[in-house]
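Colleague: I am new to this one. Could you walk me through it, feature by feature?

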Amino acid sequence: MKDNNVVEEKSFDFAVRIVNLYKYLTTAKQEFVMSKQLLRSGTSIGANVCEAQQAQSPMDFLSKMSISLKESYESDYWLRLLHKTEYLNEDEYKSIVSDCRSLTKLLVSIIKTTKEKSNK
């Protein structure tokens, strides 16, 4: 991981939280379906961000970051569903969804900036 790459650091930290949440949901709550979906989408964000760092072109970079953004929106969905179905209490939900939405905003900003640069 490159030094001072905020999106890589945030997406990795988020993935760690998602893995730990998955372990909690499967052991303590015996929830396996939604948590598996969240595990896939929540860890995919960082994987695609890392892949984007080695992009072959600006369009490849944009494609990988866009996939990361889609995965962050999906993760938000699963978190909301887990909260509404009472697998996550209010404090648990607010803590992790805040991280998810912060990451989403960062990805939107990166994508917007990349598009603006490529249009010049």
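Modeller: Gladly. Keep in mind that this is a predicted model. Start with a polar contact: the side chain of T27 has a polar atom 2.7 Å from the backbone oxygen of K23.

Colleague: Where is T27 found?

Modeller: T27 belongs to helix α1, residues 6-27.

Colleague: Is T27 buried or exposed?

Modeller: Exposure means over 50% relative accessible area. T27 has 57%, so T27 counts as exposed.

Colleague: What about nonpolar side chains?

Modeller: In soluble globular proteins they tend to be buried together. Here the largest nonpolar core has 27 residues. F14, M65, L79 and L107 touch the most other members. Helices α1, α2 (33-52), α3 and α4 (90-118) each supply at least two residues of this core. The most come from α4, with eight.

Colleague: Which residues is M65 in contact with, beyond its neighbours within four places in sequence?

Modeller: They are V7, V49, A52, L107, I110 and I111.

Colleague: How many aromatic pairs are there?

Modeller: Ring centres within 6.5 Å make a pair, and planes over 60 degrees apart make it edge-to-face. The count is one. The rings of Y77 and W78 have centres 5.0 Å apart and planes at 75 degrees, so the pair is edge-to-face.

Colleague: How accessible are Y77 and W78?

Modeller: Y77 is partly exposed, at 39% relative accessibility. W78 is buried, at 15%.

Definitions and conventions:
Residues are numbered from 1 along each chain as its sequence is written. This is a predicted model: local features need pLDDT of at least 70, side-chain atom pairs count only at pLDDT 80 or more; totals for chains, interfaces and linings use all residues. Side-chain values use heavy atoms; hydrogens and water are left out. Rings of Phe, Tyr and Trp (its six-membered ring) pair if their centres lie within 6.5 Å; planes under 30 degrees apart count as stacked, over 60 as edge-to-face and the rest as tilted. Buried means under 20% relative accessible area, exposed over 50%, partly exposed in between (1.4 Å probe, protein chains only). Helices (H or I, at least four residues) and strands (E, at least two) are DSSP runs, numbered from the N terminus. A polar contact is a pair of N or O atoms within 3.5 Å; within protein, one must be able to donate a hydrogen and the other to accept it, and residues adjacent in sequence count only if both atoms are side-chain atoms. A nonpolar core is a set of buried Ala, Val, Leu, Ile, Met, Phe, Trp, Tyr and Cys residues joined through side-chain atoms within 4.5 Å. Contact means heavy atoms within 4.5 Å.
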